[in-house]
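Please keep the structure in view while you go through them.

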Amino acid sequence: MSRRKDIDHFYQIMEDLEEIVGGKRLLSQYDGAMDWPKRGVYFFFEEGELRERVGLRVVRVGTHALRVGSQRTLWGRLSQHKGTLDGRYAGGGNHRGSVFRLHVGTAMISKNGYDAATWAKGSTAKEEVRHKEQFIEKLVSTHIRSMPFLWVEVYDPPGPNSSRNYIEKNAIALLSNFRKSECIDLASPNWLGNYVWNEKIRLSGLWNVNNVDKKYDPNYLHVLQKFVQKM
């Protein structure tokens, strides 16, 4: 099968998933009180980012708990992307704990010319640095919280051999336009990701770096479909 047909198959699975879960959600409207599955794979869309045919295109694929023994949950990962609602950094978040937030932040910095010399520097930061970064963290939270997303429950043991890892990396490889001979569902000229520092994001059309330059295994679509049908 061609990549175009496989992409169409992927989006048909997304349509089925959307119907099963009752529609796309927004992080601005949900919290940990919802009955989230413990483990899964998520798919973010973005307003204004359209497929060649119909509907929004997926702009980020992600999962969690890819290390043996990891206790990370699906909501735990999504909440890192969402950011904080209260406390010292209310309305913001911590881009050092979410590479998704980090990349969205770099795009905003580049697009608007913000002074953010400390952004993406180090795995931790002192309180004074985080307070200086709070303005951008709030903008990042607002953007990510407005992005519709879907998720599929994939409950298997944490580790690199998990079905979640298999689905994530192959979905990214399939959807990525990074150095592909045929680009499908291109990012729009107005996509925020066009301003990001990382070339792989700009050229792939995804808020992902890992696996955008890999080949995909078309059999993963049947695995993804199986888990969607189990929900």
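1. The largest cavity in this predicted model has a volume of about 60 Å³, and the structure holds 1 cavity of 30 Å³ or more. Rolling a probe the size of a water molecule over the atoms is a way to show where such empty space is left.

2. Which residues line the largest cavity? The lining is made up of Ile 7, Tyr 11, Arg 57, Val 58, Leu 175, Asn 177, Ile 184, Asp 185, Ser 204 and Leu 206. Helix 1 (3–21) and strand 2 are the elements that give two or more residues to this lining. Sorted by class, the lining residues of the largest cavity divide into 6 nonpolar, 2 polar and 2 charged.

3. Turning to the open spaces, the largest pocket has a volume of about 600 Å³. It is lined by 22 residues, of which Arg 60, Arg 77, Val 99, Glu 168 and Asn 210 are the closest to its centre. At least two residues of the lining come from each of strand 2, helix 2, helix 3 and helix 5 (163–175). By class, the lining of the largest pocket has 7 nonpolar, 10 polar and 5 charged residues.

4. The second largest pocket holds about 170 Å³ of space, and among the 13 residues that line this pocket, Tyr 11, Glu 15, Val 54, Gly 55 and Leu 56 are the closest to its centre. Helix 1 supplies the largest share of the lining, with 6 residues. The lining of the second largest pocket divides into 6 nonpolar, 2 polar and 5 charged residues. Note that Tyr 11 is also listed in the lining of the largest cavity.

5. As for how covered strand 3 is, 4 of its 5 residues are buried.

6. A last point concerns Ser 98, which is placed in the loop between helix 2 (74–82) and helix 3 (99–112). Is Ser 98 buried or exposed? Its relative accessibility is 1%, and therefore Ser 98 counts as buried, the cut-off being under 20%. Leaving aside residues up to four places away in sequence, Ser 98 touches Arg 77, Gln 80 and His 81, and Arg 77 is also one of the residues closest to the centre of the largest pocket. Between Ser 98 and Gly 40 there are 58 residues of separation in sequence and 17 Å in space, taken from C-alpha to C-alpha.

Notes. Residues numbered from 1 in each chain as written. Predicted model: local features only at pLDDT ≥ 70, side-chain atom pairs only at ≥ 80, totals over all residues. Heavy atoms only, no water. Buried < 20%, exposed > 50% of the residue type's maximum accessible area, 1.4 Å probe, protein only. Contact = heavy atoms within 4.5 Å. 1 Å grid on protein atoms, 1.4 Å probe; cavity = no way out; pocket = protein on both sides within 12 Å on 5 of 7 lines; lining within 4 Å. Points joined across faces, edges and corners; volume = space filled by probe spheres on them. Nonpolar A, V, L, I, M, F, W, Y, C, P; charged D, E, K, R; others polar.
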